Amino acid sequence: MAVSAGAGVGLLRCKETLLNRSPFLPRKAQRMKPAAAMGTEHLLAEFARHMEPFLGVGVGLPCTVMECGDIIYRSTLPRQSGLILTAPGVALALATVSYLWATPGVAPGFFDMFFLAFIQRLFRPSFRKDEFILGKKLGEGAFGVVYRASLANAKPNAPKCDLVLKKATEYGAVEIWMNERARRACANSCADFVYGFRERSAKGKGRGEYWLIWRFEGEDTLSDFMTSKEFPYNVETKILGEVQDLPKGLERENRIIQTIMRQLLFALDSLHSTGIVHRDIKPQNIIFSEGSRTFKIIDLGAAADLRVGINYIPKEFLLDPRYSAPEQYIMSTQTPSAPSAPVATALSPVLWQMNLPDRFDMYSVGLIFLQMAFPSLRTDSGLIQFNRQLKRCGYDLEAWRKTVEPRAGSDLRKGFELLNLDGGIGWDLLTSMVRYKARQRTDAKSALAHPYFNQEGLLGLSYMQNLRLQWFRATQKDYSEAAKWVIGLMARSGTENVGGFTEAQLLELREVAPKKGSQQRNALASILRLQSKVIKTLDESMDEISRQTKSIWWSRWIPREE
Ligand SMILES: Nc1ncnc2c1ncn2[C@@H]1O[C@H](COP(=O)(O)OP(=O)(O)OP(=O)(O)O)[C@@H](O)[C@H]1O
């Protein structure tokens, strides 16, 4: 067996350690005679014989190949190569995993975009526009026309393929993207999307038209049901499967409305969890699916995908003023426009937490709840009037109630009575959604856990459920008001009738705070200056990037009809 010179020198250097029973040698090697009793050559030959299987792999550099150390200086002994768990390491790993999975989900986002989307593209059916026979027109909006359609070449005895086809203009691209995303992430929440493609414009100019195809879900939207005098009884058998064993009245209506609300919140929760904010939630965009006996969301043309930053431009908006939240934007206007997709994805949990964009949809769903409870608010004029009144009351539902309840007609009174059932649990849920500040509104997941969806309402709550309700209410509180109160007290400090801090207490506080001109104060000022500079630079560069990439990079994912 040949051993290189380098290895030989290395072995010599290590012989002391080796012969002193290093724990890293096989027993056979440890039983060798003491070094002093042997010549170096003999020692090498002996060692090579024992180590043959190891040296076969590791001939080369000495101590790097053979893990050896000095038994006297234990610190020089090689460390175990396995993973060592430490508390900070575990905390860091947990923090990283929570960040990657926090809404809207960085890790699931990358998996979706680079794996699921790819697989979907391989297997999705593809259609051409001349494969469809257009039927009845179902709707026409500012950005497209919707038809009922069927496949032209469907086999005669094949099941009738009922489709809905939308010929859309510029927002069609967004709608295709959102529908594909929703189909992968939460197929049951939105109408069943089949395919979307872009058709080249006849003269080869412009972006062309977008064609979107869904399965036909059913004839009626929630708006159709709500405009009927029979509402909510006209939905009862459709969603519950049977007529309830209850006389017609508030309790029975409440049960039906509860079921509709649960379905809406469930659909919204799934959409929000994947990072999509709809921005146009209204009864006209909620279709009843005959197949699954549930309400599903349609019309994702105005939606924003906060996971990759598609279609969110803080300063732009597309809104239906009847159902839109008072803030009008889903993101603060201070938020820079979306950067490139990987950056947007990596930053998405931070932006989500800073803006809570899902609360925009929560306000709209709150208004739908209100309309279901109050028959007089189901008409456009009723809702517009309500919106004006609420605005006058500073978007405070309690204040609105105080102004209208004393002189309420039978329709309004009926609404209050319905929401007052089970100790006012319905009113509690409503007021947690229809609030001026987005941060104070509940999210869809918490709303689903609200005791309103408990059959017995407040009265039937167990001790634990009551605790949960208290917790729910505590999390909905506006703590900025508390902060303002403390500041107010400080400002008006010291007088006996106002209460508040005395001059002595304020002095104490001032002493705790860094003094003017002190080192801490200067350091704090520099940090703040640096922070605002960083934000400004980030803002400008993001705007710059987004201006350059204004062309819709993601439209390359949308198939083109050749
Ligand atoms: N999957 C579907 N199944 C059954 N009907 C559907 C489906 N999708 C849409 N519709 C019907 O088509 C109508 C218009 O659809 P949609 O709202 O998506 O189009 P739109 O052009 O955005 O219209 P608008 O601007 O008026 O909202 C809906 O009100 C609904 O009645």
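Two strands count as paired if DSSP finds at least two bridges between them; strands themselves are DSSP runs of E with at least two residues, helices are runs of H or I with at least four, and both are numbered from the N terminus. Keep that in mind as you click around. This is a predicted model, where local features need pLDDT of at least 70, side-chain atom pairs count only at pLDDT 80 or more, and totals for chains, interfaces and linings use all residues. Residue numbers start from 1 along each chain as its sequence is written.

**Stop 1: the sheet around β5.** Select leucine 165: its bridge partner in β5 is isoleucine 213. Show both strands and you'll find β3 and β5 antiparallel, paired over 6 bridges. Glutamate 199 sits opposite glutamate 209 in β5. Color β5 (residues 209-215) by burial and 5 of its 7 residues come up buried, meaning that 20 or more other C-beta atoms lie within 10 Å of a residue's own, with C-beta atoms placed from the backbone (exposed is 12 or fewer, partly exposed is in between).

**Stop 2: lysine 166.** Back to β3 (residues 163-168), which holds lysine 166. An unreviewed UniProt entry annotates Lys166 as "binding site"; such annotations may be inferred rather than shown by experiment. Lysine 166 counts as buried because it has 25 C-beta neighbours inside 10 Å. Leaving out residues up to four places away in sequence, lysine 166 touches Gly144, Val146 and Leu212, where contact means C-beta atoms, placed from the backbone, within 7 Å.

**Stop 3: the ligand shell.** Which residues come nearest to the ligand? Of the 18 around it, they are Leu138, Gly139, Gly141, Ala191 and Asp299 (near means a C-beta atom, placed from the backbone, within 6 Å). β1 (132-141) and β2 (144-151) each supply at least two shell residues, and β1 gives the most, with 3.

**Stop 4: the β7/β8 hairpin.** β7 (residues 286-289) and β8 (residues 294-297) run antiparallel with 4 bridges, and isoleucine 287 has lysine 296 as its bridge partner. The hairpin leaves 4 residues between the strands, and arginine 293 in the turn shows a positive phi of about 55°. Both faces of β7 are covered, with Ile286 and Phe288 buried on one side and Ile287 and Ser289 on the other.

**Last stop: α13.** Select 358-373. α13 has 16 residues, and 16 of the 16 are buried, so the helix is largely enclosed by the rest of the structure.

How values were computed
Expected span 1.5 Å × (residues − 1). Contact = placed C-beta atoms within 7 Å.
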